[in-house]
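Please find below a colleague's note on the model under review. The points are arranged by region, and the conventions used are stated along the way.

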Amino acid sequence: MIEYRNLKIALLGAGSVGSRVAQLLLEHGDELASRVGAGLELVGIAVRDVDAERDVSLPKELFTTDAESLILSADIVIELMGGIEPARSYILEALNSGADVVTGNKALLALHGTELFAAAEQVGAQLYYEAAAGGAIPIIRPLRDSLAGDRVKRILGIVNGTTNFILDRMDVDGDTLEGALATATALGYAEADPTADIEGYDAAQKAAILARLAFHSEVPVGAVHREGITSVTAEQVERARRAGYVVKLLAICERVVDPVTGEEGISARVHPALVSRLHPLAAVHGAKNAVFVEAEAAGDLMFYGAGAGGLETASAVLGDLVSAARRHVAGGPGVGESFTAYLPVVDIGKVQTRYQITLEVVDATGVLATIAGIFSDHDVSVETLEQSSATGRTPASSATAATGAAHTGAAHTGVAAHGEQASDHITATLVIVTHRASEQALAATVASLAGNTAVARVTSVMRVEGA
Ligand code: HSE
């Protein structure tokens, strides 16, 4: 039997991930010790209530409410309590005492990452956070280490399982958003308050973390453009399906170049988008996550797996723990984060992508030419146009708001039909897919379309990504 020196591990939090981390550490401690070359001794678990019900049964004597003393006794601190405070203060205390820290706290990293990484660097400690984006999926280490010698061009991530489950149900079963959300809640994917997931806040935090790593630059979470899935309709999903697309909530982190100045920047955004059914991301079903990385030298890579779950996420945490323990055994300072590219985050208006626009138009001579002229006037090039005709009834004074591409605000919402009186006539549905155009140009195009008498209604505007 090999005798190892022991590294003392403190765990903060015993929720669904924390309790699994403790369980696996206790069960597999010897095996992990042989991988590390040191024992990993779980010296305590700090919780608010030592008597609370846990997902797994753990030795009672490990629990304490005295987090501060526990932190000061540890070589490595694992923070899985979540929230901003006291997690932030505890991590700073741990780093300042010379401990390495493992965390899965995406909200904290997205908001206070700069401060925490600086604190780690100052004392030569290291902060590990593989569990903060994509749950069990290894994506932080690939971006931080494996691709550190490459140039990432773009990341397209399905990084929120709840919304992927909902959109997948809408696509596969023809469910409504409300129906699919109710199922997600019943199955335990969605929280009682699903706002963070369905409004894209969770995905935006992950986008900030991934963009910062991929482009070696500060990306404040407030600079991530965010739209959730609440405006996605069953009709949009069905129309997408018929056109060979699937609707996904994407976290997009992209290196962009200003066409006028030639300066490089970053676009970080979260919004629903049409993805071709031939794209690997279209095959990501249910609550699974995937991150598709396009790099200059490596080409396309995809990382796929469970984005949540106590046991699955515990795998990522324990991987970080082993890395931190190996570093302790080897000695020397931690390796800092390289946020040295200083690329600015650009406004969504400057981002270029493709769009699918669905219009109800009056089916009369010259209408198509008028529509084509509006696109051309705004320098937006049409890639495909499909028309189907139907006898319609133009609603009086207002039409259903167009959804998708919501940042374009007035241009895409509350689009009014023309004329005060409802009238029977022949209408046509036009589904137009554009070549790449800026959001600004697209918004101006949609505003002009909505103001033209040939257009009864702008039914939908969706971005098309991944081509
Ligand atoms: N609520 C998240 C999701 C998991 O649905 O993917 C935690 O990030």
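The numbered points below begin with the basis of the model and then take up the sheet, the ligand site and the loops.

1. Basis of the model. The model is predicted; local features require pLDDT of at least 70, side-chain atom pairs count only at pLDDT 80 or more, and totals for chains, interfaces and linings use all residues. Residues are numbered from 1 along each chain as its sequence is written, and side-chain values use heavy atoms, with hydrogens and water left out.

2. The parallel sheet. Six strands form an open sheet in the order β3-β2-β1-β4-β5-β6, with parallel pairing. Strands here are DSSP runs of E with at least two residues, helices are runs of H or I with at least four, and both are numbered from the N terminus. Two strands count as paired if DSSP finds at least two bridges between them.

3. Strand β2 and its partners. Strand β1 (residues 6-12) runs parallel to β2 and is joined to it by seven bridges, with L12 opposite A46. On its pairing with β3 (residues 63-64), β2 is again parallel, over two bridges; there F63 is the bridge partner of I45. Six of the eight residues of β2 (residues 39-46) are buried, so this strand is largely enclosed by the rest of the structure. Buried means under 20% relative accessible area, exposed over 50%, and partly exposed in between, with a 1.4 Å probe and protein chains only.

4. The β-α-β unit. Strand β1, helix α1 (residues 16-36) and β2 make a right-handed β-α-β unit. The hand is right if, with the strands pointing away from the viewer, the path from the first strand over the helix to the second runs clockwise.

5. Strand β5 (residues 100-103) runs parallel to β6 and is joined to it by two bridges; V101 stands opposite L127. Y128 belongs to β6 (residues 127-128) and is buried, at 8% relative accessible area.

6. The ligand site. Which residues surround the ligand? They are K106, N160, G161, T162, D197, D202, K206 and A308, where a residue is taken as near if one of its heavy atoms lies within 4 Å. By class, this shell holds one nonpolar, three polar and four charged residues. In that scheme Ala, Val, Leu, Ile, Met, Phe, Trp, Tyr, Cys and Pro are nonpolar, Asp, Glu, Lys and Arg are charged, and the others, Gly among them, are polar.

7. Oxygen atoms of the ligand lie 3.1 Å from a side-chain N or O atom of K106, 3.2 Å from a polar side-chain atom of D202 and 3.5 Å from a polar side-chain atom of N160. A polar contact is a pair of N or O atoms within 3.5 Å; within protein, one must be able to donate a hydrogen and the other to accept it, and residues adjacent in sequence count only if both atoms are side-chain atoms. Taken alone the ligand exposes 260 Å², of which the protein buries 81%; areas come from the Shrake-Rupley method with a 1.4 Å probe, and for residues only the protein chains shown count as cover. The elements giving two or more residues to the shell are α6 (161-173) and α9 (201-215).

8. Strand β13. Nine of the 11 residues of β13 are buried, so this strand is largely enclosed by the rest of the structure. Its pairing with β17 (residues 455-465) is antiparallel, over eight bridges, and I357 stands opposite V461. Strand β16 (residues 437-438) is likewise joined to β13 in the antiparallel sense, by two bridges, with Q352 opposite S438.

9. Backbone geometry to inspect. E85 and P86 are joined by a cis peptide bond, with omega about 10 degrees; P86 lies in the loop between β4 (76-79) and α3 (87-96). Y342, which is not a glycine, has a positive phi of about 55 degrees. This residue lies in the loop between α11 (310-330) and β13 (352-362) and is exposed, at 67% relative accessibility. D379 also has a positive phi, near 65 degrees; D379 sits in the loop between α12 (367-377) and β14 (382-394) and is exposed at 71%.
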